[in-house]
Amino acid sequence: MHLGGGGTTLREVLQSYTTHFQWTGNLEHDITTFLLTNNHPNTAVHAQKVGQEAERIAFKYYSDTKTAKAAGLLHDISAVIPPNKRADVAEELGLEVLKEEKIFPLIAHQKLSRVMAEDIFAITNEEILSAVECHTTLKKAATKMDKILFVADKIEWDQPGAPPYLNTISSQLEVSLEHAAFAYISYLWERKETLKVVHPWLRDAYNELKQINPH
Ligand SMILES: [Fe+2]
Ligand SMILES: [Fe+2]
């Protein structure tokens, strides 16, 4: 797979993360091993928890639980790329890097996780890839699976303790997926002056979901 104008292959860029790695074909096992061998034990635990939470939400909302679990397992695989290298790697791979992502490269990790899911884990299911690609910011016209992963990742956040918005997001999840997604986005929105950047996809999602949550 050739990407970008420089003839760099994704395999070359990511080679250092995949040497010495033995594939078994079992996604859960392989993702855990991939994260552990790259010294990201916390992300390995987080990925498993988000996979389980996404599975639970998918069951609740009559979606494919296997797809949801796979999206949860994969969503943060780009954690292995150090934050200060993410914008450069994404550019090298020919991905569009928005100015907000250059300022705050952490949010570029969702796009990197998508290409790594495609290339390293041979994922072709667009439902999974799309959900992975927008799991931090959501986006306009998000699919049901996009929202399932987005909400699962916020409920099972990767920081210590319970997230401050947990009660609100959980109660809104009883209403609808859109209400749950909006509960988190409006929590962020109320604090948007303190955010390093407001990603345009998050802004789009906020404006869209606000229309069905007019409070
Ligand atoms: Fe993430
Ligand atoms: Fe995450």
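**Notebook: pockets and iron sites**

I began with the open spaces and found that the largest pocket has a volume of about 1,100 Å³. I worked on a predicted model, in which local features need pLDDT of at least 70, side-chain atom pairs count only at pLDDT 80 or more, and totals for chains, interfaces and linings use all residues. Side-chain values use heavy atoms, with hydrogens and water left out, residues are numbered from 1 along each chain as its sequence is written, and chains are lettered from A and ligands numbered from 1 in the order in which they are written.

For pockets I noted the rule: on a 1 Å grid over the protein atoms alone, a pocket is an open set of points where a 1.4 Å probe fits, with protein on both sides within 12 Å along at least five of seven lines, and lining residues have an atom within 4 Å of a point. A volume is the space filled by probe spheres set on the points, which are joined across faces, edges and corners.

I then listed the lining of the largest pocket, which has 40 residues, with Leu106, Thr136, Asp158, Gln159 and Tyr184 nearest the centre. Helix α3 (41–60) is among the elements that give two or more residues, and its five residues are the largest share; helices here are DSSP runs (H or I, at least four residues), numbered from the N terminus.

Next I looked up the iron ion (ligand 1), and found it coordinated by Asp76 (OD), His109 (NE2) and His135 (NE2) at 2.1 to 2.2 Å. Donors are N, O and S atoms within 2.8 Å of the metal (3.2 Å for Na, K and Ca), and because water is not among the atoms, sites may look incomplete. I saw that histidine 109 lies in helix α7 (residues 109–119) and histidine 135 in the loop between α8 (126–133) and α9 (144–155), so the pair ties together parts 26 residues apart in sequence. Both histidine 109 and histidine 135 are buried, meaning under 20% relative accessible area (1.4 Å probe, protein chains only).

Last, I checked how the two sites relate: the iron ions (ligand 2 and ligand 1) are 3.4 Å apart, and aspartate 76 coordinates both. Aspartate 76 is buried, as is histidine 46.

Conventions. Buried < 20%, exposed > 50% of the residue type's maximum accessible area, 1.4 Å probe, protein only.
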